[in-house]
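Thanks for making the time this morning. I would like to walk you through one model, beginning with the overall fold and ending with a few charged side chains.

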Amino acid sequence: MKLLWCFMCLIVLGLQVRLWAGEGGLYEISQLEGKVQKLRDANSILEERNSRLDAQVLDLKRGYDAIEELARLDLGMIAKDETFFLVVNK
């Protein structure tokens with residue numbers, strides 16, 4: 001009878017080890033959940049960037065105000081009848 005109990009305890013212990021540390025066990029699941037959360041965070045950052053770029057594309061398609069702003073900032077262009085001032089910090 002003792003032999004049967006020892007055998008049963010070893011089986012339960014073996015199943016517990018597989019549950020906690022084996023393939024598809026709780027440890028692996030917690031690691032995968034962490035990876036999924038990191039990927040979701042990265043995706044949300046990329047979705048925000050994409051929405052900003054979509055808004056910028058729509059602005060460029062709709063009118064000249066966005067184009068003029070980009071030309072002023074990126075290319076340093078000025079419009080007619082404007083005076084250019086260069087301020088130098090020492």
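**Fold and charged contacts**

Please keep in mind throughout that this is a predicted model. Reading along the sequence, you will find that the protein follows the pattern α-α-α, and its radius of gyration is 32 Å, well over the 12 Å that the globule rule gives for 90 residues, so the protein is more spread out than a compact globule. Taken along the principal axes, the C-alpha atoms fill a box of roughly 105 × 40 × 10 Å. Buried residues make up 4% of the 90 residues, and the accessible surface comes to about 9,000 Å², with 63% of that belonging to carbon and sulfur atoms.

Let me turn to charge.

How many salt bridges does the structure hold? There are two salt bridges, and they link Glu68, Arg72 and Glu82 in a network. In one of them, the side chains of Glu68 and Arg72 meet at 2.9 Å, N to O; both residues lie in helix 3, which covers residues 64–75, and they sit four residues apart, about one turn of the helix.

The side chain of Arg72 also meets that of Glu82, at 2.8 Å, N to O. Arg72 lies in helix 3 and Glu82 in the segment after helix 3, so this pair ties together parts that are 10 residues apart in sequence.

How values were computed. Residues numbered from 1 in each chain as written. Predicted model: local features only at pLDDT ≥ 70, side-chain atom pairs only at ≥ 80, totals over all residues. Heavy atoms only, no water. Helix = DSSP H or I, 4+ residues; strand = E, 2+ residues; numbered from the N terminus. Rg over C-alpha atoms; globule rule 2.2 N^0.38 Å. Buried < 20%, exposed > 50% of the residue type's maximum accessible area, 1.4 Å probe, protein only. Areas by Shrake-Rupley, 256 points an atom, 1.4 Å probe, with all protein chains shown as cover. Salt bridge = Lys/Arg side-chain N within 4 Å of Asp/Glu carboxyl O.
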